Amino acid sequence: MKTYCITGGAGFIGSHLARFLMKEGHQVIVIDNFCDYYPLAYKIDNVFRSVSAESRQSSPKTVKRVMKDIKGIPHYHLYAADIRDMKALLGIFDFHDVDAVIHLAAMAGVRPSIRDPFLYEEVNIKGTLNVLETCRLKNIKKNVIASSSSVYGNTRTLPFREDMPVDHPISPYAATKKATELMASVYHHLYGLDTVLLRFFTVYGPGQRPDLAIHKFTKALFEGREITLFGDGTMKRDYTYIDDIIHGTAEALNYVEKKEKVYEIINLGESRTVSLEELISLLQEKTGKKARIRYESQPPGDVDTTYADLEKARRLLNYSPQVAIEEGLSHFVSWCKEYYHF
Ligand SMILES: NC(=O)c1ccc[n+]([C@@H]2O[C@H](COP(=O)([O-])OP(=O)(O)OC[C@H]3O[C@@H](n4cnc5c(N)ncnc54)[C@H](O)[C@@H]3O)[C@@H](O)[C@H]2O)c1
């Protein structure tokens, strides 16, 4: 049994990963500050889903209650702590002999980063530096870190390859992810920290963040509300189903643990682009509801297209996404119906 620390482990991707790693027989240490970027109730439900303790209705609505309720669950340790607080991080790592860190904690939205760039800088850059420093001080040599497809900005050559220059991010969020990649490179060079950075391409599935298009559109369709569509509907995304992301992340962990002298940046996507118009049409089909659409101009930090080249992920991680958007959306819509009682 290994011990893995997941920062941001109460979030969408982190909670799925915690569940997966525990099922594989490992111990998981979750560090999350339960920030209010989206409502706390989702994160509390994520934690319960991670440890397979249901259900939403009976979920306590405070972090304190959650901590109390899950105390004693084997192989799962939850710390409500902030990665900006170095002392708190060191204190947690005093208690556990951690084999590797999967650093997912971040302020994750593109548009809000334009409104509050300092918060993004504090959490995503300083917080990441704290995590890397903690690894150095506690002699943890292996880690996997979340980067993002947003680092590609409006790169015109498609699909996006990891060796393309990414010097022109178009949002503070994207710039903090590029800074994350650079800082991890420094820690690899100076201190031999082995790292795989994963550029995730729009991740969706049960428990998806409520600020993301698939979740917002599906909820609006069921509630009979208007959908706000940014741009003219031609904006395209490479949507990646959560199970594919979790398998890819687990393979990245495996890779970084097995090899020496690792510093790799790897795309995890589906390698297929879907326009917003196509997405809405698929969601109409899956929900059986007709969309009412209000068009607004495309926000300046939103890239036009994301599209992952997966050759490197295939070669190094044996990554092969299994869930096409048509199937993944069916799973997501079923989850929504159950979760919201639609
Ligand atoms: N979901 C996607 O489509 C996507 C795409 C590309 C990259 N990513 C990256 O993957 C990671 C996980 O994304 P997600 O969609 O699960 O987001 P999420 O917001 O659901 O999860 C992030 C978690 O980090 C926690 N957190 C935020 N600030 C913190 C702090 N200061 N200290 C401790 N914890 C803190 C939040 O409370 C949250 O639970 C992020 O780094 C994100 O930037 C996500």
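The charged end of Lys 43 sits over the ring of Tyr 38, 4.6 Å from the ring centre. A charge is said to sit over a ring if NZ of Lys or CZ of Arg is within 6 Å of the ring centre and within 35 degrees of the ring normal. This is a predicted model, in which local features need pLDDT of at least 70 and side-chain atom pairs count only at pLDDT 80 or more, while totals for chains, interfaces and linings use all residues. Residues are numbered from 1 along each chain as its sequence is written, and side-chain values use heavy atoms, with hydrogens and water left out.

**Charges and the ligand**

- Arg 199 also has its charged end over a ring, that of Tyr 152, at 4.8 Å from the centre.
- Tyr 38 has an N or O atom in its side chain that is 2.5 Å from an oxygen atom of the ligand. A polar contact is a pair of N or O atoms within 3.5 Å; within protein, one must be able to donate a hydrogen and the other to accept it, and residues adjacent in sequence count only if both atoms are side-chain atoms.
- Lys 43 places a polar side-chain atom 2.9 Å from an oxygen atom of the ligand.
- On its own the ligand has 820 Å² of accessible area, and the protein covers 98% of it. Accessible areas come from the Shrake-Rupley method with a 1.4 Å probe; for residues, only the protein chains shown count as cover.

**The shell around the ligand**

- There are 29 residues around the ligand, and Asp 32, Tyr 38, Leu 104, Tyr 173 and Val 203 come nearest. A residue is near a molecule or strand if one of its heavy atoms lies within 4 Å of it.
- By class, 17 residues of the shell are nonpolar, six are polar and six are charged. Ala, Val, Leu, Ile, Met, Phe, Trp, Tyr, Cys and Pro count as nonpolar, Asp, Glu, Lys and Arg as charged, and the others, Gly among them, as polar.
- Strand β5 gives the largest share of the shell, three residues. Helices (H or I, at least four residues) and strands (E, at least two) are DSSP runs, numbered from the N terminus.

**Aromatic pairs**

- The count of aromatic pairs comes to 16. Rings of Phe, Tyr and Trp (its six-membered ring) pair if their centres lie within 6.5 Å; planes under 30 degrees apart count as stacked, over 60 as edge-to-face and the rest as tilted.
- Tyr 152 and Phe 201 form a tilted pair, 6.2 Å centre to centre with 40 degrees between the planes.
- Tyr 152 lies in the loop between β5 (142–148) and α7 (172–191), and Phe 201 in the loop between β6 (194–200) and β7 (203–204), so this pair ties together parts that are 49 residues apart in sequence.
- Tyr 152 and Phe 201 are both buried. Buried means under 20% relative accessible area, exposed over 50% and partly exposed in between (1.4 Å probe, protein chains only).
- Trp 335 and Tyr 340 are an edge-to-face pair, because their ring centres are 6.4 Å apart and their planes stand at 70 degrees.
- One aromatic cluster is formed by Tyr 37, Tyr 38, Tyr 42, Phe 222, Phe 332, Trp 335, Tyr 339, Tyr 340 and Phe 342.
- Tyr 340 is in helix α12 (residues 325–340) and counts as buried at 15% relative accessibility.

**Lys 142**

- Lys 142 belongs to strand β5 and counts as buried, with 11% relative accessibility.
- The side chain of Lys 142 reaches the backbone oxygen of Lys 259 at 2.7 Å.

**Backbone features**

- Most residues other than glycine have a negative phi, and most peptide bonds are trans.
- The peptide bond from Leu 158 to Pro 159 is cis, with omega near -10 degrees. Pro 159 is in the loop between β5 and α7.
- His 75 is not a glycine, yet its phi is positive, about 65 degrees. His 75 lies in the loop between α3 (63–70) and β3 (76–80) and is partly exposed at 36% relative accessibility.
- Asn 139 also has a positive phi, near 60 degrees. Asn 139 is in the loop between α6 (117–137) and β5 and is exposed, with a relative accessible area of 55%.

**Asp 309**

- Asp 309 is in the loop between β13 (293–296) and α11 (311–317) and counts as buried at 15% relative accessibility.
- Asp 309 and Leu 158 are 151 residues apart along the chain, and their C-alpha atoms are separated by 8.0 Å.
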